[in-house]
Every structure is written in C-alpha cells, then in structure tokens.
2 protein chains.
Amino acid sequence: MMVNRFTYWSLLLLLLTCIGSMGPAWAADPLPSWNDGKAKQAIVSFVTRTTGEGSPDFVPPEQRIATFDNDGTLWAEKPIYTQLLYAIDKVKEMAPRHPEWKQKEPFTSIIEGDTKKALEGGKPALMQLIAATHTGISGEEFHDSVRQWLSTARHPETNKPYTEMIYQPMLELLNYLRANGYKTFIVSGGGIDFLRAFAESTYGIPPEQVVGSSLKAWYEVRDGKPVIVKLPEVNLIDDKAGKPVGIYQHIGRRPVFASGNSDGDFEMLQWTTAGSGPRFGLLLHHTDDQREWAYDRESHVGRLDKALKAASKEGWTVVDMHDDWKVIFPWGDR
Amino acid sequence: MMVNRFTYWSLLLLLLTCIGSMGPAWAADPLPSWNDGKAKQAIVSFVTRTTGEGSPDFVPPEQRIATFDNDGTLWAEKPIYTQLLYAIDKVKEMAPRHPEWKQKEPFTSIIEGDTKKALEGGKPALMQLIAATHTGISGEEFHDSVRQWLSTARHPETNKPYTEMIYQPMLELLNYLRANGYKTFIVSGGGIDFLRAFAESTYGIPPEQVVGSSLKAWYEVRDGKPVIVKLPEVNLIDDKAGKPVGIYQHIGRRPVFASGNSDGDFEMLQWTTAGSGPRFGLLLHHTDDQREWAYDRESHVGRLDKALKAASKEGWTVVDMHDDWKVIFPWGDR
C-alpha cells in the first residue's frame, strides 16, 4: 500500500491535536510556590497514595472531599475580617437614611470612624451590624452588593483588591487536589452568601461547594416576582463545633482532607482526621511578619493555640508560612 | 520523505484509540423509555439548545443546575411515603424497650398495626414518630440503620425493594442531563439523611447534591470519638416555599431545570422558571392506574392541583405517565 506524505502528516496532526486535548499527562511540579520541605512532601505523598490505582490507601473518587477554611487559610484576615469591612462600609453608606443611628451603638462609633469602639459591644454589636447590612434584602441584591463592593474596595495596607489578598500556594493546592479528583469545598465561619459572591471567580469553587455561617431565609412573591428574602435570624454559626455540623448538613460526608489556620478549625480537623483510612489535616501557621503577618495564640483575629498544641498528637501537618512558601500572594509579597 | 506501512498503521491505530477515549460523540437515543411526544421533544430541544456551543440559549456549564423532587418524581410514593414506613418499622422494633408507648399515641396505634389511626394525629404525630426514630443517635448510626432497612424491606404491593421502585425514564433523564454537563440535585420534602443513605447508589447523586428536610445536629466527642448527634428540633422543612429556601441555602444558585410532581413542588418550579434565560419546569402527572398509580387533586399523598392548573400559564411541561412513558420501573410495570 502506498501512503503519501499528505496522509502521513494529516494523521500526525490529528494525533497531536488529540493528545493535546487529553490534558497534561506529564505535568510539571504542581506546587511550584511551595519550598521542598516536610509539608510539601506530606501533601504530595498523601495525594499520590490516595489516588494511585492499586495503592493500599486508595480513596474512591466520590469520597475525595477536601475542605478549606477561608479567612487566614485561603485569603488574608488582617487587619480584620474582610466581611466586617464590608459591613462597616455599608453602614456608612446607609447612614444618611438612618438618622437614628447617630445615637445608637454600634452604629454611632462606626459612623464616627471608631471601629474599635464599635466592636467593644462584642457579639451583639456584630449581629446588629450584620442584621442592618445583610438582611431584609433579597439574596440576589446582597450578591450584587458584595460583588460591587469587592470591585472597588482596597486593602488598607497593600491597596490591593481583597480578591487578590489570596495565597498563591493555596491556589496551587486547590488546583492540585482537583486535578487528582478531589472536590474542594470552603467551610468558613464567614457568611455563606458573602463567600459565594466571589468564591467561584476567585478560587474556582462553585456556590454549591461553599459552606458558611448563615441566616434564615424566606421565599415570597414580591410584586409578581419570586424572591428569597434574608431574615435577621441565625441559621448556623459555622465555626468551631459548628464546622463539622455544617459539613454534615451541606456535604453529608466526612472529608478526607481538611485545612485551617485557627482554633475555629480545631473541630473540623479533629472530625476529619478521626475518620478511618487515610486522612489529612493541614494547619497553616502565620509566621512571616515581613511578607504577610505573624500571629497565633495572642491574636484576637485568627487565634491559634489549642489547635497548634494538638497538631503533633493528632498527626496534622503544620505549614510554616515563612519556611514553606516561596511567595505569598499571586502578585508577590506584602 | 518515505513513509512505510508500519508507521501509517501505527498512527491510524493510535488515532482510533484516541478518538475512542473521547466518549460516545454519536450517542443513540438518550431517552429510550420515553415515547416520542411533546414532552420528550421539549426535553431534548431544551438540552440541545442550552448546551450547543454558539446557541443563543447556551447556558455555561457551571450554571447547569437541575433539581429533582424524590417522592413521586424519582420513585413511587404509594401507598405512603417510604420514609414513613421506615419510621413505622423502627417504632415496632423499638417498642419492647419503650413500655410507655403502649399508652401513648401515635405509638399505641403503630404497635397495634393501625397506621391510619396513628396518622390522624397529623403533623404533631408525625414529628413524634420522627423524633423517636431519627434522633438521639449519630448521623452514621442513622445512615447504617436506613441502609440495613432498605436491604430487607419490601413494597407491600410489588414485593420489590424500595430502591427498585424507581422510574426508569427518570433515570434516563438524570443520565442524559449529566452527560450534557448538568449537575443533578435532589430537592425533597423527605429527610436529607434518609435520602443520602441511598441516593448515590440508586440515582448516582452524591450526598452533597441532596437537599431535604433536616433536623438540627450537634457535634461532640463521645468516649473519645467525635460524632454528629441528630437533635429532635426542626432545621428546615424542605417543602413548598421551603424548597426555594433549601436550594438557596444548599446550592446557592437558581436552577435552570426543575422537576416535580405535586403542589409541594409548585414554588420550586415557580422560582426556577421565573429566572431569566432558558428554564425548564417538568411536572410529572401520575395517570396510569394499570402500570403505576393514578392520582392528582384528590390524593392525600402527592396532591397535585394548584401546580397542574398553573402549568400551562407558567410554560411547564406536563409529563403524562400513561402516554409519555414506555416502561415505568427498571424491571417492568407494576
């Protein structure tokens, strides 16, 4: 049989196109922003062991659930939680329509620019801020409001949008896990609706894979248009012991991999790694005061004490931000 | 350049292998159990229009959310809800350890085999049954108990396991949607934990894509072992106006496709099809007294009146079980 050059090149071209469409089978280092060290080795070893066909630690794809805290784990939480900054900005914006706030804490202090004093009211003050800025409106209105705010607000120290105050090494970890059949979830003490407004575009995590604190909601037809209305009543506080509960309610399955950075993540890591078979608990320790912030047990935001003390006994992998990460943010360091 | 036959055939073989691995691009009829009629045509047209690149009705993959009611939509709900039969069987099994039930309705009637009388107590009676059989135990214990029960319980009329009382045409619809990039969810008035015990093996729907009515839960360490404990307090009734709320809380995004069979699904279909862009509302009408059961507005279980009247105005596709389905169950007809 005669084969001409055209046929040969056509087949070769088709084959190459075809191979190209199969994805990077011989991928380069999946975690290039991680220094070679114990943490990176532990992660790569775990993913390899749990996904290799025939491995004694093989985890079936449907059980590959990985959960990530958000504040301090996927993005920075200093100087204070981003969602609180949103609430503060909204209060200032809404103040002209609320003359009564001039004599009502915590609003008075917020309007006067004294955030510290406003937050001295503790949890009740916080709930008042949330109720004023997060409820009474529809889910879609809130979503649009958060997206609008995120597009203009800037971090007070770096002047970067908050959606760029995310950790490059953690983005790589999310992608690495997903490329190996893991389904990645956010499990945050922050508000579920606030997170859903940016999680998909920022982390590639769709709304249905976001678990967070939530308020009750109601459905009604307003002026002929069906809407979900956010109510000023707590549904779930997805923090501490609330995290395994949130996971149970939303995911319905114990994670294989869990990642956090504070005592608020203790129970999530405990619940995850107490399961049978291979489990991974990752605890991010903020140790780099030059490139990010250094804090642990003395910190009000993102306090890390109990979980750090338990890490060794529980077999959790502590990631030392200073030693383990080559870069912090996608755009470089602080 | 010379090309020998070996090279030619090697390339051709590789190319064919490669094409083979790309999946069935020229699939056969994806809905073989559906008669050719308006309903089937509407479904195929919708899926084609929303997934074809360049189509004016194209829906990006991440927005392809399809929700399905369970009782009466994915599996049979006659003579009564399967979950209720589970609760009844559990009460009988637990009765020897609860002598006080001999003089306490609705338990007395259940033990005496008079289900009808037991249910005359309405919602409070139902909640007592649920509290007695669904709470105080851990999530994992409940899961195992339901699976154990499903493996032995049989439908009173067909003598089939309940997990075989499922609709073959709906299984095909689930697969067809998934093959076209839709993410399929259950949104049921039934208990979320009950559903999660069989949804994955029966429908290919993983726990994290199941939304249902739920009880509150708590996390604690019992004898050194972390557990989720189910509490006798309602968290969400995922029925009627509760369905859009459940969707909002769990999925966080309005579905593009919703499917139900009773007035309990009215708000889910309304919320879904009120969204902008292409939307599909499917209403299954039980019209076949020979092969399944025929019921609508007079039925206590699965009452369909308001939603059927609204279907035409709302543009919902009514599936007539008698006319539209070639077979009902995977094993044939009742």
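Q: Is Pro99(A) buried or exposed?
A: Please keep in mind that this is a predicted model. A residue is called exposed when its relative accessible area is over 50%, and Pro99(A) is exposed because its relative accessible area is 55%. Pro99(A) has its place in the loop between helix 3 (82–94) and helix 4 (107–111) of chain A.

Q: How many residues along the chain separate Pro99(A) from Val234(A), and what is the separation of their C-alpha atoms?
A: Pro99(A) and Val234(A) are 135 residues apart along the chain, and 26 Å separates their C-alpha atoms.

Q: Where does Asn70(B) lie, and is Asn70(B) buried or exposed?
A: The place to look is the loop between strand 1 (65–68) and helix 3 (82–94) of chain B, where Asn70(B) lies. The cut-off for buried is under 20% relative accessible area, and Asn70(B) counts as buried because its relative accessibility is 1%. If we leave aside its neighbours within four places in sequence, the residues in contact with Asn70(B) are Trp75(B), Ile186(B), Ser188(B), Leu195(B), Phe198(B) and Tyr203(B).

Q: In which sense does strand 2 of chain A pair with strand 1 of chain A and with strand 3 of chain A?
A: A general idea about strands comes first: in a regular strand, the side chains alternate between the two faces of the sheet. In this structure, strand 2 of chain A, residues 183–191, is mostly covered, with 7 of its 9 residues buried. Strand 1 (residues 65–68) of chain A pairs with strand 2 of chain A in the parallel sense over 4 bridges, and Lys183(A) in strand 2 is the bridge partner of Ile65(A). Strand 2 of chain A also pairs in the parallel sense with strand 3 (residues 210–222) of chain A, over 3 bridges, where Val187(A) stands opposite Val211(A) of strand 3.

Q: What are the partners of strand 6 of chain A?
A: Strand 5 (residues 257–260) of chain A runs parallel to strand 6 of chain A, and 4 bridges join them; Gly260(A) stands opposite Leu283(A) of strand 6. Between strand 5 and strand 6 of chain A, the chain passes through helix 12 (residues 266–273) in a right-handed β-α-β crossover. Strand 8 (residues 317–320) of chain A also runs parallel to strand 6 of chain A, again with 4 bridges, and Thr317(A) in strand 8 is the bridge partner of Leu282(A). With strand 7 (residues 294–295) of chain A, strand 6 pairs in the antiparallel sense over 2 bridges, and a hairpin joins strand 6 to strand 7 through 6 residues.

Q: How many cavities of 30 Å³ or more are there, and which residues lie closest to the centre of the largest cavity?
A: The count comes to 5 cavities of 30 Å³ or more, and the largest cavity holds about 170 Å³ of space. Of the 18 residues that line the largest cavity, Gln249(A), Ser214(B), Leu215(B), Asn235(B) and His250(B) are the closest to its centre. Strand 3 of chain B gives the most to this lining, with 4 residues. By class, the lining of the largest cavity has 6 nonpolar, 8 polar and 4 charged residues.

Q: How many helices and strands does chain A have?
A: Chain A has 14 helices and 8 strands, and its C-alpha trace spans about 90 × 55 × 40 Å along its principal axes. Of the 334 residues in chain A, 54% are buried.

Technical notes:
Residues are numbered from 1 along each chain as its sequence is written. Chains are lettered from A and ligands numbered from 1 in the order in which they are written. This is a predicted model: local features need pLDDT of at least 70, side-chain atom pairs count only at pLDDT 80 or more; totals for chains, interfaces and linings use all residues. Side-chain values use heavy atoms; hydrogens and water are left out. Buried means under 20% relative accessible area, exposed over 50%, partly exposed in between (1.4 Å probe, protein chains only). Two strands pair if DSSP finds at least two bridges between them. On a 1 Å grid over the protein atoms alone, a cavity is a set of points where a 1.4 Å probe fits but cannot get out, and a pocket is an open set with protein on both sides within 12 Å along at least five of seven lines; lining residues have an atom within 4 Å of a point. Grid points are joined across faces, edges and corners, and a volume is the space filled by probe spheres set on the points. Ala, Val, Leu, Ile, Met, Phe, Trp, Tyr, Cys and Pro count as nonpolar, Asp, Glu, Lys and Arg as charged, and the others, Gly among them, as polar. Contact means heavy atoms within 4.5 Å. A crossover is right-handed if, with the strands pointing away from the viewer, the path from the first strand over the helix to the second runs clockwise.
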